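These are my notebook entries on a single structure. I set down what I looked up, one topic at a time.

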Amino acid sequence: MSVIPQGTPGHPVWLHVGTLLDGSNAAPARDAHIVYDAAGIRFVGGNGQTPPAELLREGQTAPDVVAPDATLLPGLIDAHTHLFLEGGELDLDKRAAYLKQSPAELLASAMPRLEKLVRLGVAGVRDAGDKDGVGLALSRLCKSRAGPVSDRTLGQSETGPTLMPYLDSPGAAIHRRGRYGSFMGGALEEFASPADCVAARIAGGADRIKLIPTGIINFQKGAVTAEPQMTTAELREFAAAANGAGRQTLAHASGDAGIERVVEGGVDSVEHGFFMRDDQLERMRDRRIAWVPTFAPVQVQVDEAARYNWDASVTGNLQRILDAHAASLVKAHARGVIILAGSDAGSCGVAHGLGLLYELELMERAGLPAAAVIHAATGAAADRLAFGQKFGRIAPGWRSRFILTRHSPLETVRNMRRARTVVFDGRVFSTGEQFDGAGL
């Protein structure tokens, strides 16, 4: 495969590839031609359809790259990350020390992750919240795309990297005082009503509204043992206020009782969703509530059981939870639920970018076909999350953000870890199988 030239404004690049996954969930296109430059994609044609001369460079008669053994697919989307956290760190004492940094220090630690994400093939992320304004500062940086970001919350100006994926953030998540979520959010009791809470978040720059209606899994008991922390009525009010202001809601929810309130509350996406019931999946399908299953954080606890001194009882609980979650994912796919890939990067042992690749592998291991996994991390997320930029598909008018690989992800998504070329707004990066994950 020849080296891909840089695509610059007015200097389009013509690729001819054997297989195209365009992010639409349609069957792969064969013998495909794509023309793009830094501004975006100009032409896509399958079955040998070649581009018209007016979309090419003057006098160009042949593709810049001919790769009949390669697959082209959109850059990946991670629908659930916490950019303020370093996920790859497994040492609990070091993680605790990391969180004692100032907001400005947390932001400075997060900045170097952005270019690494692009080089891994991640085109965009949906941040899932932090209380210190890191996600909001990065979202503003993304919107500005250049120059310093003056951030009153963090009390300083930061000059960001020139290379970063698209990202947006809800800012501080919303939880009930005294319940789970204080490390990444603020209490709903600080406001007179859910609507007032939503208004304040939006005034602070929130791109979305993150809700924490439930606690987390009790690994020793293998269940969510705490009662949900928000009522169905409160969730309805949050969702109505957010949607009325043009914002989507994402809700941390595990345990069937909490999931029930979230589904009936009308949120836009269920995050985690452990212990999901079949009837809840059916209502989610009917109401177009997306599901982001986040296998990785729980799987890491199994992978690292010895490190955390989990005994056979706890590891058995964890494996039963994961097996049930896998069965629910297969049912969700069969029923037509909108499934989005999200790693929960920042969680213990879940590195940004690399954790997304692991999440895709876990979704495939759970029983989802490789094509469905890829769709969950590309076009499905692009369609459902309504980002401020057009990426996640390979179609005219969309951003030129994609991955070219000789190792077919349709054979197994594990091939996404192998050598590949990443194109990001016309810029070209070669990423090998060994990647420096420091700080992710």
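**Entry 1: one phenylalanine**

Is Phe 429 buried or exposed? I found that Phe 429 is buried, with a relative accessible area of 6%. Here buried means under 20% relative accessible area, exposed means over 50%, and partly exposed lies in between, with a 1.4 Å probe and protein chains only.

I note that I am reading a predicted model, in which local features need pLDDT of at least 70 and side-chain atom pairs count only at pLDDT 80 or more, while totals for chains, interfaces and linings use all residues. Residues are numbered from 1 along each chain as its sequence is written, and side-chain values use heavy atoms, with hydrogens and water left out.

I located Phe 429 in strand 18. Helices (H or I, at least four residues) and strands (E, at least two) are DSSP runs, numbered from the N terminus. I then listed the contacts of Phe 429, leaving aside its neighbours within four places in sequence: Val 118, Arg 119, Leu 163, Arg 420, Thr 421, Val 422 and Phe 424. Contact means heavy atoms within 4.5 Å. I also looked up Leu 120, which is 309 residues from Phe 429 in sequence but 9.0 Å from it in space, C-alpha to C-alpha.

**Entry 2: the sheet**

In what order do the strands of the open sheet lie? I read the order 3-2-1-4-16-17-18 for its 7 strands, with mixed pairing. Two strands pair if DSSP finds at least two bridges between them. The edge strands are strand 3 (40-45) and strand 18, each of which pairs on one side only. From one strand to the next, the twist averages 35°.

I recorded that helix 2 packs on this sheet, where it touches strand 17 (420-424) and strand 18. The direction of helix 2 makes about 120° with that of strand 17. Axes are lines fitted to C-alpha atoms, for helices over the stretch in contact, and angles run from 0 to 180 degrees between N-to-C directions.

I reminded myself that strands of a sheet pair through backbone hydrogen bonds, either parallel or antiparallel. Strand 1 (residues 13-20) and strand 4 (residues 65-74) run parallel and are joined by 5 bridges. I took His 16 as an example: its bridge partner in strand 4 is Val 66. Strand 2 (residues 29-37) and strand 3 run antiparallel, again with 5 bridges. In that pair, Tyr 36 has Ile 41 of strand 3 as its bridge partner. A hairpin joins strand 2 to strand 3 through 2 residues.

**Entry 3: salt bridges**

How many salt bridges does the structure hold? I noted 29. A salt bridge is a side-chain nitrogen of Lys or Arg within 4 Å of a carboxyl oxygen of Asp or Glu.

I looked up Lys 116 and Asp 436, whose closest N and O atoms are 3.7 Å apart. Lys 116 lies in helix 2 (residues 103-120) and Asp 436 in the segment after strand 18 (427-431), so the pair ties together parts that are 320 residues apart in sequence. Lys 116 counts as buried, at 18% relative accessibility.

Lys 131 and Asp 132 meet in a salt bridge at 3.4 Å, N to O. Of this pair, Lys 131 is partly exposed at 44%, whereas Asp 132 is buried at 17%. I also noted a salt bridge network that links Asp 256, Glu 260, Glu 264, Arg 277, Asp 279, Arg 283 and Arg 287.

**Entry 4: helices**

I examined helix 7 (residues 278-287) and helix 9 (residues 312-335), whose axes come within 10 Å and cross at roughly 35°. From helix 7, Asp 278, Leu 281, Glu 282 and Arg 285 meet Ser 328, Lys 331, Ala 332 and Arg 335 of helix 9. These contact residues divide into 2 nonpolar, 1 polar and 5 charged. Ala, Val, Leu, Ile, Met, Phe, Trp, Tyr, Cys and Pro count as nonpolar, Asp, Glu, Lys and Arg as charged, and the others, Gly among them, as polar.

I found helix 8 (residues 296-303) mostly covered, with 6 of its 8 residues buried. The buried residues of helix 8 pack against helix 9 and helix 10 (354-366).
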